[in-house]
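Work through each task before reading its solution.

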Amino acid sequence: MSKLKIMVTGGAGYIGSHMTAMLIERGYEVVVFDSLVTGHKDAVSSNADLFVSDLANHQSVEDCFSRYRFDAVMHFASFIQVNESVRDPAKYYKNNVAAGLNLLEAMRKFNTKALVFSSSASIYGEPQAVPIGIDHPKNPLNPYGRSKLIFENMLHDYDIAYGLKSISLRYFNAAGADPSGLLGERHDPETHLIPLVLQVAAGRRKHIEIFGNDYPTKDGTCIRDYIHVVDLCEAHILALEALLQGYGSAAYNIGNGAGYSVLEVIDAAKRVTGKEIATVLSPRRAGDPGALVADASSIKKAFKWQPKYTDLAAIIRHAWAWETR
Ligand code: UFG
């Protein structure tokens with residue numbers, strides 16, 4: 001039997017590169033579509049084809065579909081910096097919405113009917129209740145979150161009108177690295193808490209700034225739900241298999257259901273690395289909700305998804321192995 005062919009947009013990025021490696025290991029044929037603007041060529045598995053282009057170029061998206069005839073798409077390609085999205089919303093709407101529309105149009109033209117979409121907890125905005133369930137009101141606080149919500153709404157309309165089936169996975173905080181130590185997080189500039197904290201531990205940064213200690217949380221710092229990238233990718237495989245078996249469109253939260261404050265993350269990183277981690281208290285970062293914790297019960301129920309790495313120390317240990325590779 002010939003292998004199923006999966007297009008992974010953004011497959012040279014942090015989550016996309018882990019996803020590509022896992023898909024190949026599970027017997028899929030993978031084509032990574034990536035502009036390499038933020039992704040890294042050497043993060044793409046040598047067993048995947050790499051098609052270097054931008055989704056903004058609709059002709060090349062069509063060329064890619066016409067060459068490979070995909071069975072399904074996993075769509076990771078997007079810009080992800082909240083601050084930048086406030087300063088330059090056009091960049092976010094052009095890439096995360098308009099370029100994404102080129103992808104949907106190519107899927108329509110070439111009759112590819114299944115898509116797993118990399119959505120975000122940021123579509124909910126300031127939580128009205130924690131943990132955040134799938135039906136929580138959606139009031140994104142910034143253009144990044146709005147771009148993800150707009151794309152989810154486009155998917156809804158494409159299903160009704162054209163029968164394109166999709167599963168949107170709303171990530172909380174993706175973290176950790178492949179246990180092999182061969183893949184990990186490499187953003188430039190890095191803005192995420194765990195890699196920054198570990199760069200301080202490794203002596204590559206002087207200190208970690210704590211963005212605010214006056215939130216209404218147990219120690220005043222922000223609480224987030226950190227989910228291991230491998231658990232996140234497992235959820236994508238389950239979503240893909242469901243779509244390929246004829247499951248209808250849906251959206252799910254992906255998180256561990258446990259919240260850790262910024263100070264708890266720093267403490268855990270001290271224990272894992274055995275290093276001192278200097279901190280500096282800074283003002284709140286604009287647009288940061290105080291606490292984001294997932295209620296992921298609906299994907300556990302639907303697909304029997306169970307995160308393996310529920311322990312923050314395990315997530316940090318893998319990120320540390322990558323950081324000190
Ligand atoms: N933080 C610090 N100091 C830092 C960096 C982060 O105190 O130097 C704090 C933040 O204020 C936040 C927590 O650590 O409370 C986590 O911050 P991250 O930047 O690691 O993650 P976010 O929760 O802001 O971001 C997550 C995803 C993003 C996505 C965003 C959307 O990781 O990709 O949600 O809300 F864009």
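**Exercise 1. The shell around the ligand**

Which elements each supply at least two residues of the shell around the ligand? Describe the shell by its members, its classes and its domains.

Solution. 

Step 1. The model is predicted. In it, α6 (193-201) and β8 (208-211) are the elements that each supply at least two shell residues. The largest share comes from β8, with 4 residues.

Step 2. In total, 19 residues surround the ligand. The closest are Leu193, Glu209, Arg224, Arg285 and Asp288.

Step 3. Sorted by class, the shell has 11 nonpolar, 4 polar and 4 charged residues.

Step 4. Domain 1 (5-174 + 226-254) and domain 2 (176-225 + 257-324) both contribute shell residues, so the ligand lies between them.

**Exercise 2. Ligand oxygens and burial**

Solution. 

Step 1. The side chain of Arg224 places an N or O atom 2.8 Å from an oxygen atom of the ligand.

Step 2. For Asn173, the corresponding distance from a ligand oxygen to a side-chain N or O atom is 2.9 Å.

Step 3. For the side chain of His192, the distance is 3.1 Å.

Step 4. The ligand taken alone exposes 690 Å², and the protein buries 90% of that.

**Exercise 3. Cavities**

How many cavities of 30 Å³ or more does a search of the whole structure find? Characterise their linings.

Solution. 

Step 1. The search finds 2 such cavities.

Step 2. The largest cavity holds about 60 Å³ of space. Its lining consists of Gly176, Ala177, Glu185, Ile194, Pro195, Leu198, Ala319, Trp322 and Glu323. Two or more of the lining residues come from each of α6 and α10 (312-323). By class, this lining has 6 nonpolar, 1 polar and 2 charged residues.

Step 3. The second largest cavity holds about 30 Å³. Residues lining the second largest cavity include Asp225, Tyr226, Asn256, Thr310 and Leu312. The class count here is 5 nonpolar, 2 polar and 2 charged.

**Exercise 4. The second largest pocket**

Solution. 

Step 1. About 290 Å³ of space lies in the second largest pocket. It is lined by 19 residues, of which His18, Ala21, Met22, Glu25 and Asp178 are the closest to its centre.

Step 2. The elements giving two or more residues to this lining are α1 (14-25) and α7 (229-244). The most come from α1, with 5 residues.

Step 3. The lining divides into 9 nonpolar, 4 polar and 6 charged residues.

Step 4. Because domain 1 and domain 2 both give residues to the lining, the second largest pocket lies between them.

**Exercise 5. Backbone geometry**

Locate two cis peptide bonds and a residue other than glycine with positive phi.

Solution. 

Step 1. The bond from Val130 to Pro131 is cis, with omega near 0 degrees. Pro131 sits in the loop between β5 (114-120) and α5 (143-162).

Step 2. The bond from Asp188 to Pro189 is also cis, with omega near 0 degrees. The loop between β7 (173-175) and α6 contains Pro189.

Step 3. Asn111 has a positive phi, near 60 degrees. Asn111 is in the loop between α4 (89-109) and β5.

Note on methods: Residues numbered from 1 in each chain as written. Predicted model: local features only at pLDDT ≥ 70, side-chain atom pairs only at ≥ 80, totals over all residues. Heavy atoms only, no water. Near = heavy atom within 4 Å. Polar contact = N/O pair within 3.5 Å; in protein donor to acceptor, adjacent residues only side chain to side chain. Areas by Shrake-Rupley, 256 points an atom, 1.4 Å probe, with all protein chains shown as cover. Nonpolar A, V, L, I, M, F, W, Y, C, P; charged D, E, K, R; others polar. Domains from an automatic or database assignment. 1 Å grid on protein atoms, 1.4 Å probe; cavity = no way out; pocket = protein on both sides within 12 Å on 5 of 7 lines; lining within 4 Å. Points joined across faces, edges and corners; volume = space filled by probe spheres on them.
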